[in-house]
Amino acid sequence: MRLVSLFFLLFFSLYAKSSYEKGKELYNQKACYSCHGHKAEGMHRYPYLANRAKGYLSYKLKRFRAKQADNQQQEMMITFAQDLSDEDIDNLTTFFANYKDDTQKESYDDSFYTEGDGGS
Ligand code: HEC
């Protein structure tokens, strides 16, 4: 019996999704990317979330969930934070804080050189 439970423990620890993966799934499922970007890099007036402090981001999400915002711009977030559980927030902020770009290999080199263009 002990061996069986050990087996299950091993099975679940190997196959259970990490907090990071759950956060990533949630981010896509809830379409957070439509404002905060596919790489959590932000766009326009929507802040970037990648590699920012977990504590700060969860503080903000919990405030939005409690329908608190400091300005009209932030009020937009209240709707999106409404149905997040504490666990969701924990997973999301783990994902943000530890964000790694796994599409890097396929991205363009978009560095922009201005040399040779002087005066034209
Ligand atoms: C319709 C656009 C929109 C969507 C969708 C959206 N957000 Fe936001 N988010 C905002 C805006 C606007 C702010 C506030 C920017 C400001 O402080 O001026 C914000 C702020 C935040 C902040 C606080 C960042 C900071 O710098 O204070 C977090 C964390 C966040 N959003 C997470 C999420 C998550 C998680 C989701 C998906 C469940 C999501 N957002 C979906 C627009 C959006």
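Here are some friendly notes on the predicted model above, point by point.

1. Ground rules. The model is predicted, and its local features need pLDDT of at least 70, side-chain atom pairs count only at pLDDT 80 or more, and totals for chains, interfaces and linings use all residues. Residues are numbered from 1 along each chain as its sequence is written.

2. Overall fold. You will find six helices and zero strands in the chain; helices (H or I, at least four residues) and strands (E, at least two) are DSSP runs, numbered from the N terminus. Along the sequence the pattern reads α-α-α-α-α-α. Of the 120 residues in the chain, 15% are buried. A residue is buried if 20 or more other C-beta atoms lie within 10 Å of its own, exposed if 12 or fewer, and partly exposed in between, with C-beta atoms placed from the backbone. Among contacts with a separation of 6 or more, 60% come from residues 24 or more positions apart; two residues are in contact if their C-beta atoms, placed from the backbone, lie within 7 Å.

3. The ligand shell. Around the ligand there are 18 residues, of which K30, C32, C35, P47 and F80 come nearest. A residue is near a molecule or strand if its C-beta atom, placed from the backbone, lies within 6 Å of it. Two or more shell residues come from each of α3 (33-36), α4 (54-65) and α5 (72-81), and α5 gives the most, with five. By type, the shell holds twelve nonpolar, four polar and two charged residues. Here Ala, Val, Leu, Ile, Met, Phe, Trp, Tyr, Cys and Pro count as nonpolar, Asp, Glu, Lys and Arg as charged, and the others, Gly among them, as polar.

4. Helix α4. This helix has twelve residues and reaches 16 Å from its first C-alpha to its last, close to the 16 Å expected at 1.5 Å a residue; the expected span is 1.5 Å times one less than the number of residues. Its buried residues fall within an arc of 95° seen down the axis, so they line one face of the helix; the arc is that of the directions from the helix axis to the C-beta atoms. K60, L61 and F64 are buried in α4, and the buried residues of this helix pack against α5 and α6 (86-97).

5. Helix α6. The end C-alpha atoms of α6 are 16 Å apart, which agrees with the 16 Å that its twelve residues should span at 1.5 Å a residue. Buried in α6 are I89, N91, L92, T93, T94, F95 and F96, and their cover includes α2 (19-29) and α4.

6. The nonpolar core. The largest nonpolar core has eleven residues: Y27, A40, L49, L61, F64, A81, I89, L92, F95, F96 and Y99. Both α4 and α6 supply at least two residues of this core, and α6 gives the most, with four. Such a core is a set of buried Ala, Val, Leu, Ile, Met, Phe, Trp, Tyr and Cys residues joined through C-beta atoms within 7 Å. Leaving aside neighbours within four places in sequence, A81 is in contact with L61, F64 and R65.

7. Two positive phi values. Most residues other than glycine have a negative phi. H44, in the loop between α3 and α4, has a positive phi near 45°. With 7 C-beta neighbours inside 10 Å, H44 counts as exposed. K67, in the loop between α4 and α5, has a positive phi near 65°. K67 is also exposed, with 11 other C-beta atoms within 10 Å.
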